[in-house]
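Please look through the sequence and the model shown below before reading on.

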Amino acid sequence: MSNQRPDGFGMPNDNQLPVTGGMPNEDAFGIGENAEDDAASFVEAERAHAASVFRPDAETILEVRDLRMYFPVKSAGIVRRTIGHVQAVDGVSFQLPAGGSLGLVGESGCGKSTTGRLITRLYEPTGGSIVFDGKDITKTSARGLKPLRREIQMIFQDPYTSLNPRHTVGSIVGAPLAIHHVVPKNKILPRVQELLEIVGLNPEHYNRYPHEFSGGQRQRIGIARALTLQPKVLVADEPVSALDVSIQAQVINLLQDVQNEFGISFLFVAHDLAVVRHFCPEVAVMYLGKIVEIADRETLYNRPNHPYTQALLSAVPDIKQASVGGRRERIRLQGDVPSPINPPSGCRFRTRCPLAQEICARVEPPLLQVGKRHKVACHFAGELGHHPDRPVTASLLGVDDSGTPNPGATPSAEVGNEPGFSDTWFDLERKTMASA
Ligand SMILES: Nc1ncnc2c1ncn2[C@@H]1O[C@H](COP(=O)(O)OP(=O)(O)OP(=O)(O)O)[C@@H](O)[C@H]1O
Ligand code: SF4
Ligand SMILES: [Mg+2]
């Protein structure tokens, strides 16, 4: 298949390109006049699909334990010495169920993409472990990575820069098939056309170039490319954030169809809690390289316990979500996110947290399991308007209310940074261990 378009044929208007597979032409939808309209059209378009559900009996396909990625910071000059580290990901643990999806949400720079790239082994982790399908892939050699690339694929944020503008759609989608010798050469084109049809594009457009497609259509090409090798895990790094709101819901619905049809597990990265709500039965919230709260959808959206999650949810322009704790006002966080080169001591969120006290600067709050499928990292964890006056973690950590170690006290084993959930947890109300 040639990489060059054979003729200088006039390019059709992106907006007139037909799409197949029952998808309406994305560009026929307008953008809402304001955020509320956008949110409404987003929710309406999503309702065409039932929300993904959590399957408690699913096996774990991916387990990440205490994952760390520190990028070196070099001095200027001829001899470039390492003068510090960007602690982009610092002690992240979670499990991804087979055929399920986990949302990873947080502000810009909190380490979401780095986590995704570590899982796809585009980076070698500084520490921690990644176990995929029962195999430890943390230190897999370059040679071992080739088969791994078939199993774990990534969809990138920007459909404008992630597709090579000089290659036709056919060669972009077909390249992995050729590299991995998955099908004979004469079967590549039919397979490419099949994939284009699956993602709702006209299979006859395989010889067109990326610039001949709209943003949503380009993202469909990126999805087709990611599906080519039938991966078990897909890391979707903000796959819709560059798209118009109404198109976002359609692309998310497509990803959901793909998941249902092929049983692929998703790590879905987004900076907005609204985007992952429908797709992900479980969501983890990250702040400055760490997970601060992780829970099932119902708990995270209706009863978040971390002040940062509560602030993020209050910014969602959707009445149901914005009414967390019975109030609709937006919680505006003061100040900027601190530098990950020199993060705050204790709790990394403390420089912006309205609840911060002395203990928050002294002791890092552990990611404590506080419900059946709920963990939170906050000394004063509680529902909005019901945060406790005294740190709930003090006795577990063997410290007093200001964070000073109690002589002779031994920290509890319940506060380890384990991936997944245990059958027992710390009941915040009764301050004792509980179980279902
Ligand atoms: N290759 C790199 N070298 C040095 N620092 C990096 C590198 N990649 C990322 N970082 C830094 O690591 C931190 C986390 O970056 P990352 O891209 O993972 O954040 P993110 O949550 O995906 O943000 P965004 O929402 O903007 O995409 C940031 O401070 C970023 O500047
Ligand atoms: S530990 Fe302290 S600073 Fe951190 S989120 Fe909780 S109250 Fe805020
Ligand atoms: Mg990113």
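## A crossing of two helices

In which hand, left or right, does helix 6 pass helix 7? Helix 6 passes helix 7 in a right-handed crossing, where a crossing is right-handed if the near helix is turned clockwise from the far one by less than a right angle, and left-handed if anticlockwise. The contact is made by Gly216, Gln219, Arg220, Ile223 and Leu227 of helix 6 together with Ile247, Gln250, Val251, Leu254, Leu255 and Val258 of helix 7, two residues being in contact if their C-beta atoms, placed from the backbone, lie within 7 Å.

Two packed helices are described by the angle between their axes and the distance between the axes. For helix 6 and helix 7 the axes come within 10 Å and cross at roughly 20°, and the two are therefore roughly parallel to each other, a term for angles under 35 degrees.

## How the model is read

This is a predicted model, in which local features need pLDDT of at least 70, side-chain atom pairs count only at pLDDT 80 or more, and totals for chains, interfaces and linings use all residues. Residues are numbered from 1 along each chain as its sequence is written, while chains are lettered from A and ligands numbered from 1 in the order in which they are written.

## Helix 6 and its cover

Helix 6 covers residues 215-227, and its 13 residues reach 18 Å from the first C-alpha to the last, close to the 18 Å expected at 1.5 Å a residue. Twelve of the 13 residues of helix 6 are buried, meaning that 20 or more other C-beta atoms lie within 10 Å of a residue's own. What covers these buried residues includes strand 6 (152-155), helix 4 (169-179), helix 5 (188-198), strand 7 (233-237) and helix 7 (245-262).

## Helix 4 and helix 5

Two of these covering elements, helix 4 and helix 5, have axes that come within 9 Å and cross at roughly 120°. Helix 4 and helix 5 are therefore oblique to each other, and their crossing is right-handed. Gly170, Val173, Gly174, Leu177 and Ala178 in helix 4 meet Ile188, Leu189, Arg191, Val192, Leu195 and Leu196 in helix 5. By class, this contact has eight nonpolar, two polar and one charged residues.

## The chain as a whole

The secondary structure of the protein chain comes to 13 helices and 14 strands, and of its 436 residues 43% count as buried.

Note on methods. Helix = DSSP H or I, 4+ residues; strand = E, 2+ residues; numbered from the N terminus. Expected span 1.5 Å × (residues − 1). Axes fitted to C-alpha atoms, helices over the stretch in contact; angles between N-to-C directions. Parallel < 35°, antiparallel > 145°, perpendicular 65-115°, else oblique. Nonpolar A, V, L, I, M, F, W, Y, C, P; charged D, E, K, R; others polar.
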